[in-house]
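Here is a brisk report on a two-chain model.

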Amino acid sequence: MRRILPLLLAPALSMSAQELPELTGNPVAVPAALTLTRIREPRLLVVTGKAASGHDVDLTRATQWASSNPAVARVDALGWVSALTNGQATLTGQAGGKSLRVDVTVQLPPTDPPLSFRHDVMPVLSKGGCNMGACHGYSLGKNGFKLSLRGSDPALDYPAITEDFFERRINRHNPPASLLVQKPLGDLPHEGGVRFDSGSLLHSILAGWIAQGARDDAPTLPTLMGVRIHPMKAVVAPKARQQFQVLARYSDGTERDVTRMAIYEVNTERVARVDDAGLVAAAALGETAVAARYERIFAVATLIVLPADSKFQPAPVPQDNLVDRHVVAKLNDLRIEASPVVDDERFLRRVYVDLIGVQPKPEEVLAFVAEAAADKRAKVVERLMLRAEFVDWWSLRWGDLLQNSRNTTSDPAMYAFREWIRASVASNKPIDQFAREILTARGASGDNPAAAWFAASKDADDSLQRATQVFAGVRMLCAKCHPHPFENWTQADYYGLHSFFNQVSLKADPRLPNVANARSVMVNVDAGFSSNPRTGRAQPPRYLGGAEPPLAASVDRRLDYARWLTAPENPHFARSLANRFWSYFFHRGIIDPVDDLRATNPPINAPLLDALAAELVRSKYDVRQLIRTIVNSRTYQRSTATLPTNAHDDANFSHALPRRLPAEALLDSLVQATGVVENFGGAPTAFTAAQLPDANFNSEFLNLFGKAQRMEACECERDTRSNMLQALDFINGRSILSRVVAGNGRPALLLSQKPDDAALIDQLHLWSLARKPTEAERALAVRFFKEYGDKRAEAAQDLFWGLLNSRDFMLLY
Amino acid sequence: MLKIGNVRVPLCDGVSRRSFLEAGAASTLGLSLPLLNRLQAAGAVDESKAKIKNCITIFLVGSPGHLDTWDMKPDAPENIRGKFKPIKTNVPGIQICEHFPRMAKMMDKVALIRSLHHKTGASHENGQRWMMSGHDYSEANKQPYMGSVLSRVFGPKGALPSSIILPVKIGNTGTSTPHGQESAFLGSGHEPFFLGGDPALSTFKVANLEPPAGQTEFRVDARRRLLKDIDDVQRRVESGSTLERDTAYARAFNLLTNPETKQAFDLNKEPDKLRDRYGRNTLGQSCLMARRLVERGSRFVTINHFDTVFGISCWDMHADGGSLNNTYADYEHLLMPQFDMAFTALMEDLEQRGLLKDTVVAVLSEFGRTPGINGRGGRDHYPSAWTNFLAGGNIRGGQVIGSTDKLGAAPHDNPIEPPRIVASIYHAMGIDLETTMMPGPGGRPVRFIDADPIRELS
C-alpha cells in the first residue's frame, strides 16, 4: 500500500542534537516506566521537549539512549525498547543537552503465547490493506476471496482464510507455501500487488501464525477495550516531525504498543503527512487531526503547525461575546491575527443575505450608513429577525433539511408541512420542541402537518438516517451494512436506532382518497425490535453512544428517543445544531462537514462549539438568540481582507471567506436589483425564490445555481459552487441580459427620473452591489459612458450588466 | 482517503479546491497567465492528467428493430423475419442487414451485443435512462448520465466542456419523465453542454455561444472589456470561491470568444470530400463534429439521432398511419443509408487519425422492436431483446456477445442488461471500476455503476 516509510525516515534519522532548538525544561519520555512482557513486542519511547519558542520538539529519534543492563533491555535508534531476558534495567537518555531516565522491568512468560487471530492477524490484514473496499473487503470479495470490510468481522474472516478454497490459502504442512503469504509477498501473481516485504513485521506475524497451526482464538481471549494516541496534541514548526504512539488496552488490564500496526490518516494533507509508522511530517502552517485506527477503534490527536519565529503579540481576549472570546483565544494560540471588522455597506449586505436571503435596497444602505447610533449593527439584526423574509429564508432552510417535497409526499401534505414549518420559524418555536414534534408526529397531514416528515421516509432505515443526520449531525448509513469506516459505530448501533423507528408504518390517508402520496403515519406499539443481520438477533433500542434504555412494552419508542435526543445533557443535539447554524454564517462548520460529526472529524475549535451548544441549551433552545450571538460577534463581522499572519487560515474564522450567494438569494437579489420578476411555473406570480414550497417548480435558474432538490437530508445537496454553465448563462443568456434591457427594468426606471451621470452611476451600483461605487469604479463607469456617446440608455444597461456579472454581486464579501 | 479519479473525494466539503483544469491543458484553455498563476498558487491546478480514453455515443432515439438490422433471423416466418435480407460481413459467421454494406466491411472492428434486454417499462424514456445512465430511475432518485460522471470525476481536458451532446436535447418522446441525460446529484456544473443547433445547416451556429438577438458587436465587446475592468478593480481577496468564479468566467469567455476554441464547432474547416463522406445530413455532420470535439478535448460526446419520435422520419417504426408512421421505406431509403455512411465514416476517420484506439464508439438504442410485425407493417417497442454495439477504445471487435432465440424474442445465451453496457463503456475507456469512485447522493463515495463490464469485450 503506502511504501513511503523509508523515504520519510531518512531525514529524521539524520537529525542531530546540534540542529535541535534550545529547550526549556526537561524533556519527557512516554511511557515514564516500562514493563515488557513479550519478547516480540518492543515498546516505543516517545520523547518530547519544549522549545523556547513554545513549540513542542520531538526528541524520540534524537535521544541517545544507554541501557544499564543491555542483557535485559536495549533501545534502538528509533526509540524502540526490546526485551531480552527477565530482569531490571535503567535507560538513560541524552537529548538536547538534557538527560532523562526510564526504568524497565522485563517479565517474560516461560513460553511465548501463540499469536492471536483477532489481535495479531486481523490487524495485519488491515495494515496490509487486504480488507479495503477496493480489495478483498469489496462486498463480492476479489478473485473468490472475501474478507469483512476493514476487518469488521473476524468470525467470518477466519473460515474464509482457513477453510474456503480447499484450504489452499493456509498450508499447514508447508506454511511458507500458503497463498495467504505468497500472494501479498508477490511470490505468486497478485492483482493487488506486493503488500509487504519478506521479513517484515506483517510477514512474520502471518507466517508465524500459520506455523503455529493457524488456530482460532479461544473464547476467553481478552477483548480490545480502547485505543489511545500520544501525544494528544502537538504544536510544531513547519518541516518538523512528530512521532506518534498508539496504545491498545485490553479487558484483562494489559496494554500493548500497537504503533507499528495502527493505520494512520491526517484530515488536512496540506498541513502534514503521516507515514505507516505514525511519523508525521509538518508541511504548512495550520492544523490537522491525526487519526489512528487499530482493529475497530479510532484515536485522534491534533497537530498544530506554527511559524518557527514570530513577533506575534497576542490580542486581548474579548469577554463580551462568547464567540469572540473563544475564536480570539484560539487565534492567539495559533499566532494568527484577526482581520478588522468590515465596513458598514459590506456588513449590511452580508447580514441581509445571511438573515433574510436578499440584499438590501439602496435606501436601506444609505440610511444605515448615515445612522449614527453606536449599536446600529445590533439594531439592524433585530429588525431583520422581524422581517417576513426572515421566515421565508429560514423556512426554506428547514424545508430543505426536512426534505419537504412532492417527490415523497402529497401536494396538500407538502403545503401543510410548509405552513407548519413557517409558523414554527415565525413564532421562534424552541428548537428542541420543534424536533420533538417532528420525531413523534403521527396521523395524516390533516391531523398533524409534521407527520409529513415520516411520510417522506421510505422505511425505518430512512427515518433513522434522516433523524440522525439532521438532528444529531451523524451519518449512520455506512453502519447499516458494515461498521462505519471512519467511526466506531457498528451494526448494533445502527439497528439499535432502527428499533426506535420501526413501529412506524404508512397507510393511505382515508380523508384524501385519490390523492397521490397522501399518507397517514401509523404507530404499531406492539412491533418487536429490529433484527441485526450480523447476529440475527433482535437489537433492543440503543441510543447513539451505546446505552440501551429499559422501555415498557407497548409504548411508542420514538417518544423516548425524542426525549433523550433533546435532553440538555444530550451530546449531539445542541452541539450539532449550533454547528449547523454556525455554518450558515461562515461557509463552514466548526466541525465540517456539518452533518458528519464523528471522532475522526474533530472540531476546529472545541471550546467555541461547546460554548455555543451550552448557550443554545441555556437559552432554552432559542434559535434567534443563537443567531444574535453569532452575527453580533466581531468574528462574524470581519473583513474578507487578510493580514500577513492570517492569509493561510481558512478554518479558524480569522477573516471572512468570500462565498457565492445561494441560488434563491442570488435570484431574489437579481430580481430586486433589476425590478424584473421571475415566473415560476405552478407558483403564485409574486412568489420569491425563497418562498417556493419545494424544488418541483421548474426553474432553470435555480437548478443551474444548485438549489437543493430535497432528495437528501444533507447540507451538501445545496451546491454553492460556480461553474462555466452559470457564467455562460450570466454572460450570454436571458437571466441578466433580458432583465437589464427590459422596458420595466432598472436602467429604464432610473433613466425615466432623468438623473445626471453621477447619480445614475451611484444608483446602478447601489441596486446591484448594495454599495456606492469606489472612486476607481466611478471613474471606470464615467469612461464607459463616454464610450457610448449619446447612447446613454445602452450605456446604463451595459454598465448594469457588468456590475451584475461582477464578483461583488455573485459573491458575498 | 478516497480518491475520485485523480481527485480526492470532496465529501461535502463546501469550498473544494479540486482540479479546475489541468496544467498540461492550460495553454489551450486560453486562461490569462495571471489567472493561471493565481490558480496554481491556490493549489487548484491538478498536475496529474487522467489517462482515460474518450467516448462517442450514437444514440438511436426511437430504436431500430433488431430483426431488421443487426440480429436478423432469415429462417423465421415471414411475419417475423421482415422485409430485409442479411449479408455476409468481413468476419466469417457474422451477418447483418443488407442495407449496411459499408459497416459489413468493418465488422472486424465492431462487437455486437445481441442479448440486451431490460425489465422495466417499454416507453422510450425507460430505455433512455437505462442506456444513458445505467439505471431506470424515478424523478425522485435521479442518476447521472455517463458524460456527467466523466465530467465530474475527470474534469475538463481543455477549453471545451468535457461532456457535449449533439445536436440538441431529447424533447418529447412520449412521457414527461427524464431522458437520462442529466447530471443528477453531481451538480449543475456537470450537466452536458448541448450544442443546440443542426451542424448540417449552412447557417449553423452554437446557440449558446452566439450573442442574443439585437446585440451589436460593439456592445458585446464593450461589455466584455467593462467586466474585465470591473474584475480588476474588485480583485481584493482570493479564496476558493473567487477562484472558482474567475475560472468559470474565463472558461465561458474562452468558449464565447477564443477563435481557436470556436473552430471546434466550425465544420467549414473540414474538406468538402470528408463532409460528403460523412453524409450531408444531421447525423453525418454531427458525427464529424463529434470527432472534432473529441480531438480538441471533450471526453464524452453523445449524438442524439433524433430529438423526438413524433411527426418525423425516424427509427420508431410503428407504421401507425399517423404521427408515428415510420415504415420499412423510411429504414431502407433514409435511416439505414444515413447511419451506414455516418458510422463508417466516423470509424474510418478516427482510425486514420490514430484516434480510434483512444475513443470508444458506442451505438445504443432504447430497446428492440417486436419480433412480430404489426397489422400495419410496423414493429412496436420491445425491451425484451435487442442489439447494440461497441467499437474502438479497448474493445475487441469482430465478435458477437450473446444471442437471441430463433425468433429474436428473448436472449438465448449470455443475457445482458443495460448496466453492463454502461460498465463496459467505462471499462473500455480504461477506467478501473473497482477503485474509481464518484461522490454519490449525500456526498458518500459510490461506484460509477454496480455492474461488471462484459469481460469478452476486451
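Strand β5 (residues 54–60) of chain B pairs with β12(B) in the parallel sense, over seven bridges. The model is a predicted one. Within this pairing, B:Thr57 has B:Ala362 of β12(B) as its bridge partner.

β12(B) also pairs with strand β15 (residues 386–392) of chain B. Here the sense is antiparallel, over four bridges. Strands of a sheet can pair either way, parallel or antiparallel, through backbone hydrogen bonds.

| Strand paired with β12(B) | Sense | Bridges |
|---|---|---|
| β5(B), residues 54–60 | parallel | seven bridges |
| β15(B), residues 386–392 | antiparallel | four bridges |

Is β12(B) mostly covered or mostly open? Strand β12 (residues 359–365) of chain B is mostly covered, with seven of its seven residues buried. B:Thr359, B:Val361, B:Val363 and B:Ser365 point one way from the strand. B:Val360, B:Ala362 and B:Leu364 point the other way. Residues of both sets are buried. In a regular strand, side chains alternate between the two faces of the sheet.

Chain B as a whole has 13 helices and 20 strands. Of its 458 residues, 55% are buried. Among contacts in chain B with a separation of 6 or more, 72% join residues 24 or more positions apart.

## Where the chains meet

How many residues of chain A are in contact with chain B? On the chain A side there are 55, in contact with 43 residues of chain B. Several elements of chain A each supply at least two residues to this side: β25 (659–660), α22 (700–704), α23 (724–732), α27 (775–787), α28 (792–805) and α29 (807–810). By class, the chain A side has 25 nonpolar, 14 polar and 16 charged residues.

Chain A holds an open sheet of three strands, in the order β3-β8-β7, with antiparallel pairing. Its edge strands are β3 (43–44) and β7 (73–75) of chain A, each pairing on one side only. β3(A) and strand β8 (residues 80–83) of chain A run antiparallel and are joined by two bridges. A:Trp80 in β8(A) stands opposite A:Leu44.

How values were computed: Residues numbered from 1 in each chain as written. Chains lettered and ligands numbered in written order. Predicted model: local features only at pLDDT ≥ 70, side-chain atom pairs only at ≥ 80, totals over all residues. Buried ≥ 20, exposed ≤ 12 C-beta atoms within 10 Å, placed from the backbone. Contact = placed C-beta atoms within 7 Å. Nonpolar A, V, L, I, M, F, W, Y, C, P; charged D, E, K, R; others polar. Pairing = 2+ DSSP bridges.
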